[in-house]
Amino acid sequence: AVATTTTSGGGAYSFTGLRPGSYYVNFGTLSGFNRTFANVGNDLSDSDADASTGSTATFVLAPGTADNSIDAGYYQPGSISGSVLADVDNNNTGDQPISGVILTLKDSSGNDIDSDPVAAGVQPTTTITNASGDYSFGNLLPGSYRVVQTQPSGYLSVGDVDGADNNVIGDETPVIVSAGQALTGGNFVAEQPGTVVGHL
C-alpha cells in the first residue's frame, strides 16, 4: 500500500503528496453497513468501489492535479419479511403455511427491483416461501417497496396487510424501509375453494 488514511467525522478522506502515476483506492468494511453498487448514478457522487472487494478501478493521477471523484457508498441494510398462509376455517385469517410461493420485490411504482444493477437488463428480485410459509427480503437499501405474491396454484386470495390487491403489499401505502429496519408481518392469506356437485 502506498498510504493508509481514515475518514473524518463527515466521511471525507484525502491522500496528499502523491507522485504522478496510476493508483486505486481500497475502502474497508464498516460494521453494520453494506457497500453500495459501484458506478450507479452521477460520477461525482456515486460509489466507485466494487461492492464485493471495496477496491476502485485503477485511475491515473497527472502532475499537479487532484481527483475529487473517488468515493465509496455504504448503507445500513433493512429487511421485509412475512408469511403466506392458508385459511382453513373460513375466517379470513391464516392458519397453515404454504411453501413454495414466489414473491417479487418491486419499487413503490410497481417496477422490478434489479437484483444485479451491474448486469445488463433488469433481474427481478424474488424469493420463495420455506416449509413454514415464511419469506424474507434482506440487505435492502432504505426506500419504498411493494411485495407481490404469485398466486399459489389451487388457492384464491383472501387478503394481505394492505387490502387493495390481495396479492400486493404496498399498492395502497408503500412499505417504507428505514436504514437498519427489519419490517415484519408482511403476510398473505389464501384459501382453497370448495366445490358443490349435485344432480337434478
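1. Valine 40 sits in the loop between strand 2 (34-35) and strand 3 (59-61). Strands here are DSSP runs of E, at least two residues long, and helices are runs of H or I, at least four residues long, both numbered from the N terminus. Phe37, Val40 and Val118 make a nonpolar surface patch of about 290 Å². Patch members have over 30% relative accessible area and no salt bridge; nonpolar side chains (Val, Leu, Ile, Met, Phe, Trp, Tyr) are joined within 5 Å, like charges within 9 Å. A salt bridge is a side-chain nitrogen of Lys or Arg within 4 Å of a carboxyl oxygen of Asp or Glu. Accessible areas come from the Shrake-Rupley method with a 1.4 Å probe, and for residues only the protein chains shown count as cover.

2. A word on the basis. This is a predicted model: local features need pLDDT of at least 70, side-chain atom pairs count only at pLDDT 80 or more, and totals for chains, interfaces and linings use all residues. Residues are numbered from 1 along each chain as its sequence is written, and side-chain values use heavy atoms, with hydrogens and water left out.

3. Overall build. The chain has 15 strands and zero helices. Its C-alpha trace spans about 95 × 30 × 30 Å along the principal axes. The radius of gyration is 24 Å, whereas a compact globule of 200 residues would have one near 16 Å. That radius is taken over C-alpha atoms, and the globule rule is 2.2 Å times the number of residues to the power 0.38.

4. Surface and contacts. The accessible surface of the chain comes to about 11,900 Å², and 50% of this belongs to carbon and sulfur atoms. Of the 200 residues, 32% count as buried. Buried means under 20% relative accessible area, exposed means over 50%, and partly exposed lies in between (1.4 Å probe, protein chains only). Among contacts (heavy atoms within 4.5 Å) between residues at least 6 apart in sequence, 63% join residues at least 24 apart.

5. The largest nonpolar core has 19 residues, and Ile80 and Val147 have the most contacts inside it. Strands that each supply at least two residues of this core include strand 5 (78-86), strand 9 (134-140) and strand 10 (143-149). A second, separate core of seven residues includes Tyr23, Phe27, Ala49 and Phe59. A core is a set of buried Ala, Val, Leu, Ile, Met, Phe, Trp, Tyr and Cys residues joined through side-chain atoms within 4.5 Å. Beyond four places in sequence, Val147 touches residues including Ile80, Leu105, Phe137 and Phe188.

6. Threonine 56 also belongs to the loop between strand 2 and strand 3. Threonine 56 counts as buried because its relative accessibility is 9%.

7. Glycine 170 lies in the loop between strand 12 (168-169) and strand 13. Its relative accessibility is 1%, so glycine 170 counts as buried. The C-alpha atoms of glycine 170 and arginine 146 are 4.5 Å apart, although 24 residues separate the two along the chain. Leaving aside neighbours within four places, glycine 170 contacts Tyr145, Arg146, Asp162 and Val175.

8. Two backbone angles to check. Most residues other than glycine have a negative phi. Asparagine 39 has a positive phi of about 60°, and asparagine 139 has one of about 55°. Asparagine 39 is in the loop between strand 2 and strand 3; asparagine 139 is in strand 9. Asparagine 39 counts as exposed at 53% relative accessibility, and asparagine 139 at 51%.
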